[in-house]
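Dear colleague,

I am handing over the structure that you will be working with, and below it you will find what turned up when it was searched. Please keep it open while you read, so that you can look up each place as it comes.

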Amino acid sequence: MMTGRGYHTAEHIMIRPVRTSPLTLQIKFCAMLFRRAVVWYHRPMTDHKHKMSDFAGFDTDALLSWYDQHARHLPWRAFSPERAPAYHVFLSELMLQQTVVATVIPYFQAFLRRWPDIQALAAADEDEILKAWAGLGYYARARNMLKAARAVCEEYNGRFPERADQLIKLPGIGPYTAGAIAAIAFDQPAVVLDGNIERVLIRFAAIDRPKKQVKDRLAQGYSSVLPRMRLSDFPQAVMDLGATVCTPKQARCDLCPLAKGCAGRHLPEPAVLPVKPVKSAKPVRQGKVLLITNQDQQVVMMQRPPSGLLGGMLGFPSSGWDKTAIDQTLAAALADKPLLDLPDQLKHTFTHFTAELQISLVQIDENWSVPAGYFWAEICPDDWPSLFKKAWQLAAASKGFSD
Ligand code: SF4
């Protein structure tokens, strides 16, 4: 029977039984299982339904495809399926803390030429390491690097442990460096949060709170978007995106592989994120630096105490900035010598304070004997910590010094 609109009513539809053989059913069942297994294998590390909603639209595949085309070629890098040796990741990550890539590259190459593996580094003298490190700043990193190299040789027979929870027990290795070595060198699902990665995640989820307040949320978000494979490439891909596309000053969303799911992209100005914490002014420490020179183009130096600021490094006699006073014996030996104060002060910024230093010049004749603890050194500013190199350069540019 036809309805008024010409459609068949349900009771007139002929239902024909479909006969399927047991073999066909088995094949279909196996195919279905196989498809599910493929989907499961390529799933993100956290199931989608449990993925943090902030990061639900994070397109890891698009990011890795972008990385294949646009990765930065850096001397410590290797590309999938290769992985960089743990020693290279270790060296580069320690050098990159607080230091830009362009500055680190020649230091990394020089270290690798001189100490090509962890055993060679572990056998080096601290003095040699500190000298080679001069100019990179934050010298505690160099001393910790040596301690960590020795620990790897003594406790792990010269092979880096693979997991972040083992790496973090090495001297000077914090959560970031441990995660970076575990992920980049050993393809582990470790959390790696550096400044670039944090910025990308914060903008992606449009998180409008300072970084320090959302560390856990970022770590969970990062874990939720980890791919099943290419765990070594993943953090490097996010880092490169942060360094070249989603940069501190600019978000170039039109070039970004994450644009589709990114909440920050819809803000009038995504680059206002991350929210900057209110900064308190750095305290200022006043001090003095003495440049004592002779006719033979030499200058009086000392080896600084092994611990504390610029520990173990060469330095000029100085006071105040490191909460020490000029040595009494040295002060007495200079009592009858004329001091010339430079008109300009030297400003040098440390992590927690700014040093404002008065530089005084003293020219000495050959009859003066150097007090114990000091020595005449050749003029090699490139071997000195930045503070003393700058002090020397300021003095060398002054009129009184060349007269
Ligand atoms: S879409 Fe824009 S804001 Fe979002 S991650 Fe990419 S560059 Fe950054």
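Helix 10 gives the most to the lining of the largest pocket, with five residues; helices (H or I, at least four residues) and strands (E, at least two) are DSSP runs that are numbered from the N terminus. Please note that this is a predicted model, in which local features need pLDDT of at least 70 and side-chain atom pairs count only at pLDDT 80 or more, while totals for chains, interfaces and linings use all residues. Residues are numbered from 1 along each chain as its sequence is written, and side-chain values use heavy atoms, with hydrogens and water left out.

The pockets

The largest pocket has a volume of about 1,800 Å³. Its lining has 45 residues, and the closest to its centre are Gln 98, Asp 194, Gly 195, Glu 198 and Lys 211. The elements that give two or more residues to this lining are helix 3 (86-96), helix 9 (175-186), helix 10 (195-204) and helix 12 (233-244). On a 1 Å grid over the protein atoms alone, a pocket is an open set of points with protein on both sides within 12 Å along at least five of seven lines, a cavity is a set of points where a 1.4 Å probe fits but cannot get out, and lining residues have an atom within 4 Å of a point. Grid points are joined across faces, edges and corners, and a volume is the space filled by probe spheres set on the points. By class, the lining of the largest pocket has 21 nonpolar, eleven polar and 13 charged residues, where Ala, Val, Leu, Ile, Met, Phe, Trp, Tyr, Cys and Pro count as nonpolar, Asp, Glu, Lys and Arg as charged, and the others, Gly among them, as polar.

The second largest pocket holds about 540 Å³ of space, and among its 23 lining residues the closest to its centre are Gly 137, Tyr 138, Tyr 139, Phe 350 and Thr 351. Because domain 1 (54-272) and domain 2 (284-402) both give residues to its lining, the second largest pocket lies between them; the domain bounds come from an automatic or database domain assignment.

The cavity and the ligand

One cavity of 30 Å³ or more is found in a search of the whole structure, and the largest cavity has a volume of about 120 Å³. Of the 16 residues that line the largest cavity, Arg 203, Cys 246, Cys 253, Cys 256 and Cys 262 lie nearest its centre. The ligand sits in the largest cavity, in the sense that more than half of its atoms lie within 2 Å of the grid points. Around the ligand are Arg 203, Cys 246, Ala 251, Cys 253, Cys 256, Ala 259, Cys 262 and Pro 270, a residue being near if one of its heavy atoms lies within 4 Å. This shell has seven nonpolar, no polar and one charged residues.

Details of the chain

A cis peptide bond joins Ser 80 and Pro 81, with omega about 10°, and Pro 81 is in the loop between helix 2 (60-70) and helix 3. Another cis peptide bond joins Leu 273 and Pro 274, where omega is about -5°, and Pro 274 is in the loop between helix 12 and strand 1 (284-293).

With kind regards
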